[in-house]
Amino acid sequence: MIAELGLQVLEDACVFAASLPDGRIAVNLSPVQFLADNLPEMIGDALDRHHLTSDRLELEVTESVLIADETQALSNVAEPA
């Protein structure tokens with residue numbers, strides 16, 4: 001369900017950005033969205049639908065998207081016992 005919710009958030013953000021004379025809006029991508037094969041197309045389609053250039057949309061990703069081994073990463077930053 002997160003993919004559908006994320007797409008709706010992207011759409012809403014583009015509608016809002018299109019209502020502004022300039023500036024950009026940031027959208028947080030979930031790990032599920034970030035790993036979707038069609039992410040570039042979804043973003044491009046949303047920008048096209050709302051007549052926005054790519055510089056008007058900032059995509060944010062959480063650290064968990066970039067960490068392959070979460071258990072090891074947590075172990076590395078845990079306080080020693």
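Helices here are DSSP runs of H or I with at least four residues, strands are runs of E with at least two, and both are numbered from the N terminus. The model is predicted, so local features need pLDDT of at least 70 and side-chain atom pairs count only at pLDDT 80 or more, while totals for chains, interfaces and linings use all residues. Residues are numbered from 1 along each chain as its sequence is written, and side-chain values use heavy atoms, with hydrogens and water left out.

**Exercise 1. Get your bearings**

Work out how many helices and strands the chain has, and in what pattern they follow one another.

*Solution.* 
Step 1: start with the count, which is five helices and two strands.
Step 2: now read along the sequence, and the pattern is α-β-α-α-β-α-α.
Step 3: look at contacts (heavy atoms within 4.5 Å). Among those between residues at least 6 apart in sequence, 80% join residues at least 24 apart.

**Exercise 2. Find the core**

Identify the residues with the most contacts inside the largest nonpolar core, and the elements that give two or more residues to this core.

*Solution.* 
Step 1: settle the terms. Buried means under 20% relative accessible area, exposed over 50%, and partly exposed in between, with a 1.4 Å probe and protein chains only. A nonpolar core is a set of buried Ala, Val, Leu, Ile, Met, Phe, Trp, Tyr and Cys residues joined through side-chain atoms within 4.5 Å.
Step 2: the largest such core has 14 residues, and those with the most contacts inside it are Leu10, Cys14, Ile43, Leu47 and Leu57.
Step 3: two or more residues each come from helix H1 (2-18), strand S1 (25-29) and helix H3 (39-49). H3 gives the largest share, five residues.
Step 4: take Leu57 as a worked case. Beyond residues up to four places away in sequence, Leu57 touches Leu10, Arg24, Ile25, Val27, Ile43 and Leu47.

**Exercise 3. Two sides of H3**

Sort residues of H3 into buried and exposed, and say what the buried ones pack against.

*Solution.* 
Step 1: the buried residues in H3 are Leu39, Met42, Ile43, Ala46 and Leu47.
Step 2: seen down the axis of H3, these residues fall within an arc of 130 degrees, so they line one face of the helix. That arc is taken over the directions from the helix axis to the C-beta atoms.
Step 3: Pro40 and Asp48 are exposed on the other side of H3.
Step 4: the partners of the buried residues are H1, S1, H2 and S2.

**Exercise 4. Beyond the end of H3**

Describe His50 and His51: is each one buried or exposed?

*Solution.* 
Step 1: His50 lies in the loop between H3 and S2, and at 17% relative accessibility it counts as buried.
Step 2: leaving aside neighbours within four places in sequence, His50 is in contact with Glu11, Cys14, Val15 and Ala18.
Step 3: His51 is in the loop between H3 and strand S2 (57-61), and is exposed, with a relative accessible area of 72%.
Step 4: check the backbone of His51, where phi is positive, near 55 degrees. Most residues other than glycine have a negative phi.
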